[in-house]
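Subject: Structure handover and what was found in it

Dear colleague,

I am passing on the structure that you will be working with, and my notes on it follow below. Please keep the sequence and the model open beside this email as you read.

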Amino acid sequence: MKDDQDPANAIRRLIDGYQVSQAIHVAATLGIADLLADACRTSDELAALTATHAPTLYRMLRALASADVLRELDGHRFELTPIGECLRSDVGDSITGWAAFIGTRSHWEAWSDLQHSVRTGENAFRHVHGIDPWTYRSTRPEEGAVFDRAMRSLSRRANAALLAAYDFRRFRTIVDVGGGNGGLIAAVLGAYPDMHGVLFDQPHVIAAAPALLEQAGVADRCRIVEGNFFESVPDGADACLLRAVIHDWDDEDAVRILTVVRRALRSDAILLLIEHLIGPPNEGRDAKFSDLNMLVAPGGRERTREEFEVLLAESDFRLSRVLHAGSNCVVEATPT
């Protein structure tokens with residue numbers, strides 16, 4: 001039996017996976033991939049550029065090379081592998097923002113208390129830190145910046161997949177509820193020059209949106225509105241888009257949000273939820289581990305198609321269809 005086929009070795013690698021993710025987190029925080037973008041460098045050179053301890057940095061880099069994130073050459077020199085290229089900040093499918101976030105102390109400590117969530121059904125982040133993650137980040141701008149970067153990192157590929165999967169041309173105006181810094185609405189407006197948009201989120205979240213929308217060349221077609229989606233959302237749009245919003249909340253709060261959205265929509269408008277969809281048994285690893293992340297961090301959950309149908313019905317919507325868009329799905333619904 002080959003080493004990689006031995007069940008004991010396979011389970012051990014899964015058990016030790018946190019070591020790899022933490023090493024990738026450190027490499028992303030130090031910007032190692034950007035420093036290797038143009039040429040290989042020695043570990044001593046990288047240590048000088050990152051103000052780290054050279055012998056220890058080498059130990060971490062060689063471990064990442066064994067995981068195929070880097071490639072070690074002679075003389076303690078390192079270069080990027082195709083996997084490591086995804087940690088560069090200047091590539092379209094960069095994942096470096098997410099890597100920098102998942103190893104932060106606040107997120108790491110919440111995941112360390114997964115057992116509490118499993119035993120009680122309670123949110124681990126709140127149990128560890130005493131407050132929910134949104135309140136936590138709102139009072140710690142540096143943590144909020146890391147989280148926002150992580151969301152932008154995940155959204156690049158998701159935006160492309162969404163635009164490839166869904167045709168927005170029938171809409172004249174679309175409102176992005178909980179749209180963060182505006183990356184998604186900027187991508188949609190960029191693909192549809194005749195469309196206008198509304199970006200809606202909390203004041204501290206959308207602070208960076210004007211610059212992003214201006215850079216994308218769509219600022220003149222996108223209105224920015226501050227608010228709380230538990231209270232109200234902008235009305236009058238042909239479509240209301242919520243990406244990775246509903247999965248942050250339990251069923252009761254999800255229905256509250258959707259009910260507020262329903263009040264703002266005309267009877268002929270469309271609701272679009274961009275979410276993971278829980279698949280059948282033994283399939284869909286990404287969605288099912290994202291579901292655990294929702295349990296641990298914000299306190300929400302990923303859902304099956306049937307569970308979305310129930311939420312939508314309780315909010316006066318009818319699920320009309322589900323389209324796959326990369327690792328996510330577009331859940332399209334209409335007011336009943």
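**Strand S10 and its partners**

Strand S9 (residues 317–325) runs antiparallel to S10, and the two are paired over 8 bridges; here helices (H or I, at least four residues) and strands (E, at least two) are DSSP runs, numbered from the N terminus, and two strands count as paired if DSSP finds at least two bridges between them. Before going on, please note that this is a predicted model, in which local features need pLDDT of at least 70 and side-chain atom pairs count only at pLDDT 80 or more, while totals for chains, interfaces and linings use all residues. Residues are numbered from 1 along each chain as its sequence is written, and side-chain values use heavy atoms, with hydrogens and water left out.

Within this pairing, Leu 319 has Ala 333 of S10 as its bridge partner. The hairpin of S9 and S10 has 2 residues between the strands, and Gly 326 takes a positive phi near 70 degrees there. S10 also pairs with strand S8 (residues 270–275), again in the antiparallel sense, over 5 bridges, and in that pairing Glu 275 has Cys 329 of S10 as its bridge partner.

How many of the residues of strand S10 are buried? Strand S10 (residues 328–335) is mostly covered, with 8 of its 8 residues buried, where buried means under 20% relative accessible area, exposed means over 50%, and partly exposed lies in between (1.4 Å probe, protein chains only). In a regular strand the side chains alternate between the two faces of the sheet. In S10 both faces are covered, with Asn 328, Val 330, Glu 332 and Thr 334 buried on one side, and Cys 329, Val 331, Ala 333 and Pro 335 buried on the other.

**Domains and the open sheet**

The domain assignment of the protein chain gives domain 1 (7–90) and domain 2 (158–278 + 297–335), with bounds that come from an automatic or database domain assignment. The centres of the two domains, taken over C-alpha atoms, are separated by 37 Å.

There is also an open sheet of 3 strands, in the order S1-S3-S2 and with antiparallel pairing. Its edge strands, each of which pairs on one side only, are strand S1 (41–42) and strand S2 (70–73). S2 is joined to strand S3 (residues 77–80) in the antiparallel sense over 4 bridges, and Leu 70 has Leu 80 in S3 as its bridge partner. Helix H5 (residues 54–66) packs on this sheet and touches S2 and S3 (contact means heavy atoms within 4.5 Å). The direction of H5 makes about 115 degrees with that of S2, where axes are lines fitted to C-alpha atoms, for helices over the stretch in contact, and angles run from 0 to 180 degrees between N-to-C directions.

**Aromatic rings**

A search of the whole structure finds 12 aromatic pairs; rings of Phe, Tyr and Trp (its six-membered ring) pair if their centres lie within 6.5 Å, and planes under 30 degrees apart count as stacked, over 60 as edge-to-face and the rest as tilted. One of them is the edge-to-face pair of Tyr 166 and Phe 168, with 4.9 Å centre to centre and 65 degrees between the planes. Tyr 166 is buried, with a relative accessible area of 2%, and Phe 168 is buried at 0%.

Phe 168 also forms an edge-to-face pair with Tyr 192, at 6.0 Å centre to centre and with 65 degrees between the planes. Why does this pair tie together parts that are 24 residues apart in sequence? It does so because Phe 168 lies in the loop between helix H12 (141–165) and strand S4 (173–177), whereas Tyr 192 lies in the loop between helix H13 (183–191) and strand S5 (196–201). Tyr 192 is buried, with a relative accessible area of 17%.

Elsewhere, Trp 134, Phe 229, Phe 230 and Trp 249 form one aromatic cluster.

**The loop with Gly 299**

Gly 299 lies in the loop between helix H16 (285–296) and helix H17 (305–314), and at 28% relative accessibility Gly 299 counts as partly exposed. Gly 299 and Glu 122 are 177 residues apart in sequence, and their C-alpha atoms are 7.5 Å apart in space. Not counting residues up to four places away in sequence, Gly 299 touches Asn 123, Asp 248, Asp 250 and Met 294.

With best wishes
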